[in-house]
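Welcome, and let's take a walk through this structure together. Have a look at it first, and then read on.

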Amino acid sequence: MYESEEAWREVDAYFVDTLVPEDKALVNARESGRRTTMPQAEVAPNQGKLLAMLCQMTGATRVLEFGTLAGYSTVWLARAVGDKGRVTSLELEEQNAEVARANLEDAGVADRVDVLVGPAGDSARRLVKDGAEPYDFVFIDADKPSNPEYLRASLALTRPGSVIVIDNVVRNGAVTDPDSDDARVQGVRTVLADIAADPRLDATALQTVGSKGWDGFTVVRRTG
Ligand code: DHB
Ligand code: MG
């Protein structure tokens with residue numbers, strides 16, 4: 001029981017039951033992940049709430065998300081920014097964007113969220129070209145090989161003081177392997193090296209266990 005995935009799940013269920021109530025819209029959004037091109041990839045409820053709390057603690061009102069899927073994290077973020085806030089979420093697949101838009105409608109936040117469909121790098125470049133106001137908080141949770149590109153885009157779309165969170169940085173432990181031939185591993189390793197080398201960025205990374213198994217995320221603070 002101890003140190004097993006089953007125990008991690010039980011503890012997560014207990015924490016979520018105790019501290020992270022989900023309304024029907026959040027439950028439906030989470031479960032509708034099954035109808036996307038990447039079932040099971042949405043964040044856990046306690047991680048969704050952490051993202052929301054980081055937005056609230058930093059006073060974020062403009063949020064950019066790479067990777068919408070069913071919009072589960074998007075609902076958490078959109079509720080966190082309040083009715084004067086805005087979330088822009090970038091999604092490759094129209095099928096997923098449709099699922100997400102229905103969930104955002106159900107959650108009562110559709111009017112404060114733009115889901116932009118297409119390769120996230122292209123959408124981000126368009127935001128830069130259109131002179132988007134800086135975002136206060138960025139959540140990078142899309143295709144992992146593109147993490148370095150999404151970090152670069154985020155730097156063009158943020159300001160000193162902005163916070164960037166990058167999901168799924170553990171890769172089942174393979175993140176420690178410099179010779180990995182998995183492009184997702186290299187996408188994580190390169191983005192972490194880029195963060196470390198950038199004097200404008202300060203960061204940490206945490207491993208997590210829980211309802212989604214073993215994983216982790218990076219939190220980055222833009223200081224300059
Ligand atoms: C994967 C991607 C995610 O964003 C996630 O949260 C879990 C898994 C994946 O690429 O497998
Ligand atoms: Mg993820």
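We can start at the ligand: an oxygen atom of ligand 1 sits 3.4 Å from an N or O atom in the side chain of Asp167. That makes a polar contact, a pair of N or O atoms within 3.5 Å. Lys144 has a side-chain N or O atom 3.0 Å from an oxygen atom of ligand 1, and for a polar side-chain atom of Asn168 the distance to a ligand oxygen is 2.7 Å. Taken alone, ligand 1 exposes 290 Å², and the protein buries 73% of that (areas by the Shrake-Rupley method with a 1.4 Å probe).

This is a predicted model, where local features need pLDDT of at least 70, side-chain atom pairs count only at pLDDT 80 or more, and totals for chains, interfaces and linings use all residues. Residues are numbered from 1 along each chain as its sequence is written, chains are lettered from A and ligands numbered from 1 in the order in which they are written, and side-chain values use heavy atoms, leaving out hydrogens and water.

Who else surrounds the ligand? The shell also includes Met38, Ala41, Asp141 and Arg171, counting residues with a heavy atom within 4 Å. Its residues divide into two nonpolar, one polar and four charged.

Now move to helix H7 (residues 147–156), where seven of the 10 residues are buried, so this helix is largely enclosed by the rest of the structure. Buried means under 20% relative accessible area, with a 1.4 Å probe and protein chains only. Among the buried residues of H7 are Pro148, Tyr150 and Leu151.

Terms used. Polar contact = N/O pair within 3.5 Å; in protein donor to acceptor, adjacent residues only side chain to side chain. Nonpolar A, V, L, I, M, F, W, Y, C, P; charged D, E, K, R; others polar. Buried < 20%, exposed > 50% of the residue type's maximum accessible area, 1.4 Å probe, protein only. Helix = DSSP H or I, 4+ residues; strand = E, 2+ residues; numbered from the N terminus.
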